[in-house]
Amino acid sequence: MTHYDLVVVGTGSGNTIVTKQFADRKVAIVERGVFGGTCLNVGCIPTKMFVHTADLAAVPSHSSRLGVDETLTGVRWPDIRDRIFGRIDPISAGGAEYREHHPNNANVTLYHGTGRFTAKRELTVTANGSRDTAVLTADRFVLAAGSRPIVPFIPGLEETGFHTSETIMRLDELPRRLGIIGSGFVAAESAHIFSSLGVDVTLIARSDRLLRHEDSEIAQRYTEIAQELYTVKLLHETVHVWRRHDGIVVKTLHPDGAEEFVFDELLIAVGRTPNSDVLNVEATGVKLESDGRVVVDEFQETAVEGIYALGDLCSPYQLKHVANHEARVVQHNLLHPDDRIESDHRFVPHAVFGSPQVAAVGLTEEQAIEQGVRYVVGREAYADIAYGWAMEDTTGFAKILADPDTGQILGCHVIGPQAATVIQPVIQAMSFGLDAHPMARGQYWIHPAMPELIENALLALKLN
Ligand SMILES: Cc1cc2nc3c(=O)[nH]c(=O)nc-3n(C[C@H](O)[C@H](O)[C@H](O)COP(=O)(O)OP(=O)(O)OC[C@H]3O[C@@H](n4cnc5c(N)ncnc54)[C@H](O)[C@@H]3O)c2cc1C
Ligand SMILES: NC(=O)c1ccc[n+]([C@@H]2O[C@H](COP(=O)([O-])OP(=O)(O)OC[C@H]3O[C@@H](n4cnc5c(N)ncnc54)[C@H](O)[C@@H]3O)[C@@H](O)[C@H]2O)c1
């Protein structure tokens, strides 16, 4: 048994906590997978590198509207894949190397294995690829073990084989036909990536629209556009999967009967579940929500004093910028136990890097109605701003909700080119308490740039 001042489980955002400020403490970091966690290795970063590549590949499909006749003569999948992972894999390896061998980490021990609580403040680590175990005790723990893809029970699925977001990006070759079960972030981004690269994509959704957690106008618009880009099957419940001589067969039930589809590869994208079970957190007294998330307070501390948690393991958001924010809060609270700070989850934005992009912050119109919040809506279409004319955009728009009396911005939803970037001034305004009118008229908006979309949506608000 080895005692530490601090044990961190998980090297995603958890790894960022251990800086030189911890040089006087004896620290262990435990990682069972690839160093660097989900975002770096199988999440945000590679997917967005693929999205950018897919955006390029999609240009010829719409450039002729502008009088530029381009032809996509081919995509070199091995080159695309290897460029992306050729950048990422060394970063991951370098991170592990730094922890293991750099003099800055003389006080840090990196364990490659799976941590599992076996008693109060006692974590047993089983080394990867062997049965060797090490028992670690500590004064403080940071639980940053993240989440993993949910694999739903569908008869035949396990035997047939399938991909999740953890494997789909490393395919040996592009499939001719890709089936995607799911309708959220991963499904939308993957459908965009693979369809733009020339794969025949069929998205099988249980719900009546894609991105159903978005404001319903946005989800509706996204679904309509997706239906023009690839095959979208709504209200289809997958009931059976099996392998046949010509591919993977997926059988679905829908309101009008049953249907069968044949694919070369199948991607399951139906959400992620926290790794609290793997970590067996209850053995140390940490409490769980009914969905498996670790319960934390405003300081990111669990039910057990000195055991903190962050990121996908405890957060309802499952977003990297949230995990990073929570890691900064945990780091501060470990360093300054007498002057702790709280996490700020007031205005958590998100973006879906699909085709087109979607970005949102704050209340949807449905949430405003449900919560009885008074609001007015200001809208602006990309088609009505000068840069939208330049792009010939006909489908994108921004929608802002504000308090009719005070002008306080309650929510913003954007669908269209660079939505994830265009929305940022609204996130800033909400975070710093800047209301709609002063935001619209108290600053210059560069003309004719895309943020004029936001300026005009703000001006369209009918405030009292
Ligand atoms: C395909 C995809 C795309 C995404 N794109 C975006 C995006 O564009 N923007 C965004 O904000 N978010 C995105 N996300 C979400 C984002 O990746 C996560 O919210 C974030 O990485 C969570 O960070 P974390 O530190 O909580 O967990 P992780 O980064 O998952 O780190 C947890 C680590 O703990 C390890 N671990 C787990 N259990 C144990 C154990 N018992 N013992 C030892 N080690 C353990 C795991 O191996 C893992 O390395 C995406 C996710 C996916 C899947
Ligand atoms: N751009 C980003 O920030 C980004 C990108 C990818 C992933 N992520 C994060 O990763 C998380 C996981 O992504 P995801 O797309 O897997 O989950 P998700 O929660 O976004 O979407 C899952 C969808 O699958 C549906 N579903 C659930 N069970 C199903 C079943 N048995 N059959 C068919 N459909 C079913 C759900 O109704 C839901 O719409 C996201 O919640 C997000 O936080 C973020």
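View 1. Setting aside neighbours up to four places off in sequence, G115 is in contact with V9, V30, L123, V125 and L279, where contact means C-beta atoms, placed from the backbone, within 7 Å. This is a predicted model, so local features need pLDDT of at least 70, side-chain atom pairs count only at pLDDT 80 or more, and totals for chains, interfaces and linings use all residues. Residues are numbered from 1 along each chain as its sequence is written, while chains are lettered from A and ligands numbered from 1 in the order in which they are written. G115 sits in strand β3; strands here are DSSP runs of E with at least two residues, helices are runs of H or I with at least four, and both are numbered from the N terminus. With 27 other C-beta atoms within 10 Å, G115 is buried. The cut-offs go like this: 20 or more other C-beta atoms within 10 Å makes a residue buried, 12 or fewer makes it exposed, and anything in between is partly exposed, with C-beta atoms placed from the backbone.

**View 2. D312 and the annotated binding-site positions.** UniProt, in an unreviewed entry, lists K48, G115 and D312 under "binding site". They span 265 residues of sequence and are spread in space too, up to 30.3 Å between C-alpha atoms. A word on such annotations: positions follow the numbering used here, feature names are shortened, and an annotation may be inferred rather than shown by experiment. D312 lies in the loop between β15 (307-309) and α8. Why is D312 called buried? Because D312 has 29 other C-beta atoms within 10 Å. Beyond four places in sequence, D312 touches G146, S147, R272, P274, Q318 and A323.

**View 3. The shell around ligand 1.** Ligand 1 is surrounded by 35 residues, the closest being G10, G12, G37, G146 and G311; a residue counts as near if its C-beta atom, placed from the backbone, lies within 6 Å of the molecule. Elements that each supply at least two shell residues are β2 (27-31), α1 (37-41), α2 (44-63), β3 (108-119), α7 (276-279) and α8 (320-335). By class, this shell has 12 nonpolar, 18 polar and 5 charged residues. For the bookkeeping, Ala, Val, Leu, Ile, Met, Phe, Trp, Tyr, Cys and Pro are nonpolar, Asp, Glu, Lys and Arg are charged, and the others, Gly among them, are polar.

**View 4. The shell around ligand 2.** Here 23 residues surround ligand 2, and G184, F185, V186, V270 and Q318 are the closest. Both α5 (185-196) and β16 (350-352) supply at least two residues each to this shell. Which element gives the largest share of the shell around ligand 2? That's α5, with 4 residues.

**View 5. I400 in the largest nonpolar core.** The largest nonpolar core holds 75 residues, and I180, L203, V358, I400, I409, C412 and V426 touch the most other members. α5 gives the most to this core, with 7 residues. A core here is a set of buried Ala, Val, Leu, Ile, Met, Phe, Trp, Tyr and Cys residues joined through C-beta atoms within 7 Å. Zoom in on I400 and, outside four places in sequence, the contacts are G378, I409, C412, V426, A457, L458 and L461. A second, separate core of 41 residues includes Y4, V142, I307 and V329.

View 6. The "active site" annotation in UniProt (unreviewed entry) covers H447. H447 lies in the loop between α13 (436-441) and α14 (452-459). Is H447 buried or exposed? H447 counts as exposed, because 11 C-beta neighbours fall inside 10 Å.

**View 7. P417 in its loop.** P417 lies in the loop between β20 (409-415) and α11 (419-422). P417 is partly exposed because 18 other C-beta atoms are within 10 Å. Not counting residues up to four places away in sequence, P417 touches P356, Q357, Y382, M391, D393, G396 and M450. From P417 to E380 is 37 residues in sequence and 14 Å in space, C-alpha to C-alpha.

Note on methods
Two residues are in contact if their C-beta atoms, placed from the backbone, lie within 7 Å.
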